[in-house]
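Okay, thanks for coming, everyone.

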Amino acid sequence: MNRTQLEIYNNAAVLLAKLDSSFLDLGRLLRKAQEEDKALFKSLMGLPGLERRTGYYLVSISRTFDPLPVDDKDLAKIGWTRLARITKFVTPKTVNWLLDLARTHTDRELKLALAGKTPPKKARVVLLYLKPKQYAAYRAGLLKFGAQEFGRGLAGQEAALMKLIAKAAKKK
């Protein structure tokens, strides 16, 4: 790595340390490296603490919003997770509508809205910390009741869990 590349790498590490407030700058830096210096881009994508998927999301955000007349402060308020969610739908005609949608919805609600579904009112979040054997049983139970494997996780967990609970309630 030459001196310039090292400076860029160090700058990226500083931006990464404050990702929530500097994701636009980091995305631009990653995008420029991707377009101009593949070796540097590969090094940057290996930064400790930068997940590969996050890096590509940041590049996508830069590629999508930089050519559009959108204020960086507005984008920063929305946050990179919701911006990443809408990038594939953004056009010059839809950008303002999508930004309004992202401003007023959580990431989960935004995902549902973009899929044409209505987010449920007063939904509750359930977070479970399971040991490996417990998770294996949880996973097997949900698959049996209709959940589907999706990447490393499960899709349709909520519906499958409610079916499992309904069946358990009937047995009592």
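So, the largest pocket holds about 1,900 Å³ of space. A pocket here is worked out on a 1 Å grid over the protein atoms alone: it's an open set of points where a 1.4 Å probe fits, with protein on both sides within 12 Å along at least five of seven lines. The volume is the space filled by probe spheres set on the points, and points are joined across faces, edges and corners.

A quick word on the source: this is a predicted model, so local features need pLDDT of at least 70 and side-chain atom pairs count only at pLDDT 80 or more, while totals for chains, interfaces and linings use all residues. Numbering runs from 1 along each chain as its sequence is written, and side-chain values use heavy atoms, with hydrogens and water left out.

Helix H8 gives the most, with six residues.

Now, aromatics. The whole structure has three aromatic pairs, meaning Phe, Tyr or Trp rings (six-membered ring for Trp) with centres within 6.5 Å; planes under 30 degrees apart are stacked, over 60 edge-to-face, the rest tilted. Phe41 and Tyr56 sit 5.8 Å apart by ring centres with planes at 70°, so that one is edge-to-face. Phe41 is in helix H3 and Tyr56 in helix H4, so the pair ties together parts 15 residues apart in sequence. Phe41 is buried at 7% relative accessibility, and Tyr56 is partly exposed at 34%. The cut-offs: buried is under 20%, exposed over 50%, partly exposed in between, with a 1.4 Å probe and protein chains only.

Then there's Tyr135 with Tyr138, a tilted pair at 5.9 Å and 35°. They're three residues apart in helix H9, about one helical turn.

Last one: Lys122, in the loop between H8 and H9. Lys122 has a positive phi of about 50° without being a glycine, and it's exposed at 80%.

Technical notes
Helix = DSSP H or I, 4+ residues; strand = E, 2+ residues; numbered from the N terminus. 1 Å grid on protein atoms, 1.4 Å probe; cavity = no way out; pocket = protein on both sides within 12 Å on 5 of 7 lines; lining within 4 Å.
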